[in-house]
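Let me put the thing on the screen and then walk you through it.

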Amino acid sequence: MSEPKKIRVDLALIAGMVAPHSRVLDIGCSDGLLIEHLFRNLQCDARGLELDMAAVTRAVTHGLPVMQGDADSDLATYPDGAFDYVVLSRTLQAVEKPREVLRQMLRIGTHAIVSFPNFGHWSLRLQLLFNGRMPMTSNWNRMWFETPNIHPCTIQDFFALCETDGYRVERWLAADEAGARTPWRRSRTLANLFGEQGLFLLRKA
Amino acid sequence: MDQTSPTPERTHESVTFAQGLALDCGRSLRSLTVAYRSVGTLNATRSNAILICHALTGDQYVADTNPMTGKPGWWERVVGPGLPIDTDKFFVVCTNVLGGCMGTTGPSSPHDERAPEPWGTNFPAVTINDMVRAQKRFITHLGVEKLFAVIGGSMGGMQALSWAALYPESVFAAVPIAAAAYHSAQNIAFHEIGRQAIAADPLFHDGRYWSHGVTPERGLAVARMTAHITYVSEAALTRKFGRKLQDVANLSALGDRFEVESYLQYQGSSFVRRFDANSYLTITRAMDLFDLAAPHNGVLSSAFSGTRTRFLLVSFSSDWLFPTAQSRSLARALNHVAANVSFVEVESDKGHDAFLLDEPDFHRILRGFLAGCAEHAGLA
């Protein structure tokens, strides 16, 4: 086993929500940085699902258990309770049916860990207000006609969905662009205005 | 090995088991010979053994020169020191399949009751599972309880799947490449053309060609030519031959005109020198009978319930014989039992045969997967 490596700050926040030795599925795992970290440092049985074949190839070449597949269609193929944690990092806004994906995550996993770029951030609000055009930021950096982010939502929107669908928010936090946590922890309103990303740990109520 | 026969010319290294083998068809073989090759060194804990399963017309000469053809091993790019299946780290064995013609018991072996006459078409129908049971007997004989990995392409992939389903505790990792959980109607149809071509050859003599001292070369060659087309993609044939003519000056004469024709004829004629027609019939039938889900009421995932084997499924984008969709449905069936699955489709225009050819991405994937598994198995 090699020395623990520093990982991206947003992944470190996610890893901080995962118990050691647990079973984890990372949806949209890219080339598998998080699952490698979870395996090496937390001794997790961590696996990945990734849409992009080039990323899958890099992950498997690196010895990581990753399968090519699609969150929208492949989650249904796993049995109930197969994982302790199912992670969806910065991908919720890009799936076809976010609500169904969340439902599947909490069917196949005891916990769901979800992060997404917050469309309620003040800079997006201002751009829309003053320019009257779809906002462009480093998180939201593709034109409306070609963006893969087809289901943008705000931190408040996400809280509302969790309530409607009966998910308990065990932990949540707002993060800046790099994924580091920001101090807007007590107020959802402030987090929704100043947080660039939302990160949630959910379980079924 | 104590039971190994000496190795004079044209005999293959082999082990004979006196206790025979009970087959899926209900019949039994009184004795079983398994021909094999091995490379590398078995470690003290016997935990670094990799079984490679060959495809329909392959053989046990996976890494070293084939004594029949004088050609290098069929996976010389993949198996060897420092190669993706690294023989510096792993003990690699490959056996000729049951029903084959390279030393393992098959239609050209002596008949149980009428020796020295060969079995010919009286050889019992065998299945992929039977092939795997024969391999298991051999692996146990080596003193290996658990294989580090079972790896194979095409029919070899079927065997890898069958290993994982029959002996889950004996397989740490399974790598079915360009494979499927069953042989499709289209696959069976192509095989049937080959079998009919062999049967229609006047030299076939109802399978008793050996008693006439002949071989049904024409029929076997046509079978090989048909099959070969299914192993390559249209893009690869176009890239290699296009519509190029062989002998432009001589267009008036009947005979090969296009380069692709003489290429196919070469494929056919080189094949008949090394392969037995009755083996071809036996093994194609075994492939056709393969359906992992059948004994489980059609529920494929049930074949792998509770499995702890780590799987790597690889398909090739231009393979139309064992298309990616087949590997994907296998991956999904394995998900149903929460198996540890890696699944990649490799971009290639080389068709089904890509697994035998120079595909750097595929080789990197295989190497990486095995390295990852070795770490989990405590071999690294």
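This is a predicted model: local features need pLDDT of at least 70, side-chain atom pairs count only at pLDDT 80 or more; totals for chains, interfaces and linings use all residues.

On naming, residues are numbered from 1 along each chain as its sequence is written, and chains are lettered from A, with ligands numbered from 1, in the order in which they are written.

Chain A, overall picture. We have eight helices and seven strands there; helices are DSSP runs of H or I with at least four residues, strands are runs of E with at least two, and both are numbered from the N terminus. The C-alpha trace spans about 50 × 35 × 35 Å along its principal axes. The radius of gyration of chain A is 17 Å, and that agrees with the value near 17 Å for a compact globule of 205 residues. For the record, that radius is taken over C-alpha atoms, and the globule rule is 2.2 Å times the number of residues to the power 0.38.

How much of chain A is buried? The share is 44% of the 205 residues. Buried here means 20 or more other C-beta atoms within 10 Å of the residue's own, exposed means 12 or fewer, partly exposed is in between, and the C-beta atoms are placed from the backbone. As for contacts, meaning C-beta atoms, placed from the backbone, within 7 Å: of those in chain A with a separation of 6 or more, 64% come from residues 24 or more positions apart.

One example to look at is A:Arg188, in helix 8 (residues 188-194) of chain A. Leaving out residues up to four places away in sequence, A:Arg188 touches A:Ile155, A:Gln156 and A:Phe159. Take A:Gln156: 32 residues from A:Arg188 in sequence, but 7.0 Å in space, C-alpha to C-alpha. Why does A:Arg188 count as partly exposed? Because it has 19 C-beta neighbours inside 10 Å.

Another one in chain A is A:Ser30, in the loop between strand 1 (23-27) and helix 2 (33-42). Its phi is near 55°, so a positive value in a residue other than glycine. A:Ser30 counts as buried because 21 C-beta neighbours sit inside 10 Å.

Now the contact between the chains. It takes 18 residues from chain A and 20 residues from chain B. On the chain A side, helix 3 (53-61) and strand 3 (66-68) each supply at least two residues, with helix 3 giving the largest share, five residues. That side divides into 10 nonpolar, six polar and two charged. Nonpolar is Ala, Val, Leu, Ile, Met, Phe, Trp, Tyr, Cys and Pro, charged is Asp, Glu, Lys and Arg, and the others, Gly among them, are polar.

Over to chain B. B:Ala338 has a positive phi too, about 55°, although it is not a glycine. B:Ala338 sits in the loop between helix 8 (324-336) and strand 12 (340-346) of chain B, and is buried, with 22 other C-beta atoms within 10 Å.

Last one: which peptide bond is cis? The one from B:Ala115 to B:Pro116, with omega near 10°. B:Pro116 lies in the loop between strand 8 (91-95) and helix 1 of chain B.

Conventions
Two residues are in contact if their C-beta atoms, placed from the backbone, lie within 7 Å.
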